[in-house]
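Me: I have a chain to look at. I want to know what stands behind each label. Can we go through it step by step?

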Amino acid sequence: WTGDDPALKAAMRRVRVVRAEHGDYLRRLASRSVDIVYFDPMFRTPVEDSRAMRVLRETAANTDPVRPEAVREAVRVARRCVVLKERPSSGEFERLGFTRLPAARGTTTVYGVIRI
């Protein structure tokens, strides 16, 4: 991150990205060992206009839905909250126990949260 805001720059330097199967990775973490777990799964209904996402979906993405067991592990390891990014009409928030956050009218992406 190369932005001008020193606080944001410092926060971005603390973010650690890990490439792993999320269920396996979460099971290996100690309880309350991270601040936030953020799930950003591939949408069941893709954004057809996004050429870059189409290539990612076809070549490298895990298109499986988030499993309830993974959410339970995320709640175990998070100190603050677990966040899920989804489509407004997906039904995933209800299925997985997230509280949907308010969103602007007409938005194509919404977030749900489980506060710890």
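Reply: Start with Val71. Beyond its neighbours within four places in sequence, Val71 is in contact with Phe39, Val66, Leu96, Phe98 and Ile114. Contact means heavy atoms within 4.5 Å. This is a predicted model, where local features need pLDDT of at least 70, side-chain atom pairs count only at pLDDT 80 or more, and totals for chains, interfaces and linings use all residues. Residues are numbered from 1 along each chain as its sequence is written, and side-chain values use heavy atoms, with hydrogens and water left out.

Me: Why does Val71 count as buried?

Reply: Buried means under 20% relative accessible area, exposed over 50%, and partly exposed in between (1.4 Å probe, protein chains only). Val71 has 4% relative accessibility, so Val71 counts as buried.

Me: Which helix holds Val71?

Reply: Val71 lies in helix α4. Helices (H or I, at least four residues) and strands (E, at least two) are DSSP runs, numbered from the N terminus. The chain has 5 helices and 4 strands.

Me: What makes β1 and β3 edge strands?

Reply: Look at the sheet. It is open, with 4 strands in the order β1-β2-β4-β3 and mixed pairing. Strands β1 (34-39) and β3 (99-100) each pair on one side only, and that makes them the edges. Two strands pair if DSSP finds at least two bridges between them.

Me: How do you know that β2 and β4 pair?

Reply: Count the bridges. Strand β2 (residues 78-86) and strand β4 (residues 110-115) share 6 bridges, in the antiparallel sense. The definition asks for at least two, so they pair. In β4, Val113 is the bridge partner of Val83.

Me: Which strands does helix α4 touch?

Reply: Helix α4 (residues 68-77) packs on the sheet and touches β1, β2 and β4. Its direction makes about 145° with that of β2. Axes are lines fitted to C-alpha atoms, for helices over the stretch in contact, and angles run from 0 to 180 degrees between N-to-C directions.

Me: What makes a nonpolar core?

Reply: It is a set of buried Ala, Val, Leu, Ile, Met, Phe, Trp, Tyr and Cys residues joined through side-chain atoms within 4.5 Å. The largest one here has 17 residues. Val37, Phe39, Val82 and Phe98 touch the most other members. Helix α4 gives the largest share, 4 residues.

Me: What does Phe98 contact?

Reply: Leaving aside neighbours within four places in sequence, its contacts include Phe39, Val71, Val82 and Val113.
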